[in-house]
Amino acid sequence: MPAKIPATVVTGFLGAGKTTLIRHLLQTANGRRLALIINEFGDVGVDGDLLRSCGDATCREEDVVELANGCICCTVADDFIPTIEKLLNRADPPEHIVIETSGLALPKPLVKAFGWPEIRTRVTVDGVITVIDGAAMSEGRFAPDEAALAAQRAADEALDHDSPLEELFEDQLACADMVILNKTDLLDEAGLATVSSDLASQLRPGVKVVKARHGAIDAAVLLGLGAAAEDDLAARPSHHDAEEEHDHDDFESFHVDLGVVSDPDALARKLKPVIEAHDILRLKGFAEVAGKPMRLVVQAVGGRIQHYYDRAWRTEEPRGTTLVVIGERGLDRAAITAALAA
């Protein structure tokens with residue numbers, strides 16, 4: 001029988017740097033034929049479009065597939081399995097498949113899907129890569145601390161239950177074959193040592209932590225782990241193991257269309273108080289800057305906001321500014337839209 005095609009699952013919380021990691025992977029693939037499956041959260045395909053514009057020969061338009069009909073771990077039968085079959089049945093099937101999950105996806109149900117009869121003899125999970133925002137973890141976000149949680153719960157009745165964000169973080173770590181501790185440039189030496197120690201205490205034996213800045217990890221490190229994760233599910237515990245189905249109704253997203261931006265730095269200053277006032281988890285999108293032929297990428301994780309030009313606007317594409325807002329359910333859409341448009 002022919003060898004199975006390996007697939008790498010890249011998971012990690014919102015804004016951890018998954019897309020940046022994959023762009024660097026593409027640039028160091030050394031001609032290997034890769035296919036990308038991108039599970040965007042929200043109604044504007046920001047991540048998929050960023051990967052298509054990477055400017056690398058391994059990043060052909062037909063090799064990037066977006067699944068935007070919901071969380072990939074919830075739409076396995078409807079979206080994921082048919083997509084994998086189409087890739088495998090191509091005249092020139094990929095040598096490796098890279099899957100970027102949304103920041104809200106549980107990795108284990110996706111890995112379990114590789115045991116489906118339609119694909120189990122043709123593709124294998126080479127490894128699950130979990131990307132961690134080191135700066136966020138150093139601030140105590142998405143990292144369990146039982147003593148701190150106990151103190152908070154005693155003082156605040158609203159924390160009398162487990163946070164879905166905390167469970168998601170733990171599930172992503174528990175399923176990992178490799179953890180990329182990203183954004184280490186935002187940590188001092190003591191902070192990096194603390195985060196590394198905290199991570200090590202939560203990982204399965206043998207799972208390596210690789211430190212990174214701006215997701216700059218070579219494809220030779222990320223690909224070829226040979227984990228066959230679909231055959232190792234019992235060693236990857238999940239908070240949802242006892243559940244037949246799950247959902248992500250705790251989160252929502254919407255997009256805001258704005259006009260031409262006159263000053264990118266002024267836009268960033270404008271976004272910061274809106275993000276803080278409405279507890280927005282993630283904000284991302286593209287902006288048209290007055291007098292500039294290049295498209296501006298805007299990425300915000302908590303209070304950290306980045307912007308950069310990625311490519312020239314194409315002749316056929318509509319210009320404008322579109323930002324995707326992601327947060328826990330209950331966002332005041334009208335107030336956020338009004339604040340961003342003011």
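Of the contacts in the protein with a separation of 6 or more, 80% are between residues 24 or more positions apart. The structure is a predicted model, and its secondary structure consists of eleven helices and twelve strands. Of the 342 residues in the protein, 53% are buried.

The mean pLDDT of the protein is 78, and a value of 70 or more is reached by 78% of the residues. Where pLDDT is low, predicted coordinates should not be read in detail.

The second largest pocket has a volume of about 520 Å³. Its lining comprises 24 residues, and those nearest the centre of the pocket are Gly15, Gly17, Thr20, Lys183 and Gln306. Two or more lining residues come from each of helix H1 (18-27), strand S10 (294-301) and strand S11 (304-312). The most is given by H1, which supplies five residues to the lining of this pocket.

Helix H1 is largely enclosed by the rest of the structure, because seven of its ten residues are buried. The buried residues of H1 are Lys18, Thr19, Leu21, Ile22, Arg23, Leu25 and Leu26. In the loop between H1 and strand S2 (34-38) lies Asn30. The phi angle of Asn30 is near 55°, which is a positive value in a residue other than glycine. Asn30 is exposed, with a relative accessible area of 76%.

A positive phi is also found at Lys183, a residue other than glycine, where the angle is near 65°. Lys183 is located in the loop between strand S6 (178-182) and helix H8. Its relative accessibility is 15%, so Lys183 counts as buried, the cut-off being under 20%. Lys183 is also one of the residues nearest the centre of the second largest pocket.

Gly191, Val195, Ser196 and Leu199 are the buried residues of H8. Viewed down the helix axis, the buried residues of H8 fall within an arc of 130°, and they therefore line one face of the helix. An α-helix has 3.6 residues a turn, so residues three or four places apart point the same way. The exposed residues Glu189, Ala190 and Ala200 are on the other side of H8.

A further loop position is that of Trp116, between helix H4 (107-113) and strand S5 (123-133). Trp116 is partly exposed, with a relative accessible area of 31%. Trp116 and Glu230 are separated by 114 residues in sequence, while the C-alpha to C-alpha distance between them is 10.0 Å.

Conventions:
Residues are numbered from 1 along each chain as its sequence is written. This is a predicted model: local features need pLDDT of at least 70, side-chain atom pairs count only at pLDDT 80 or more; totals for chains, interfaces and linings use all residues. Side-chain values use heavy atoms; hydrogens and water are left out. Buried means under 20% relative accessible area, exposed over 50%, partly exposed in between (1.4 Å probe, protein chains only). Helices (H or I, at least four residues) and strands (E, at least two) are DSSP runs, numbered from the N terminus. The arc is that of the directions from the helix axis to the C-beta atoms. pLDDT is the predictor's confidence in each residue, from 0 to 100. On a 1 Å grid over the protein atoms alone, a cavity is a set of points where a 1.4 Å probe fits but cannot get out, and a pocket is an open set with protein on both sides within 12 Å along at least five of seven lines; lining residues have an atom within 4 Å of a point. Grid points are joined across faces, edges and corners, and a volume is the space filled by probe spheres set on the points. Contact means heavy atoms within 4.5 Å.
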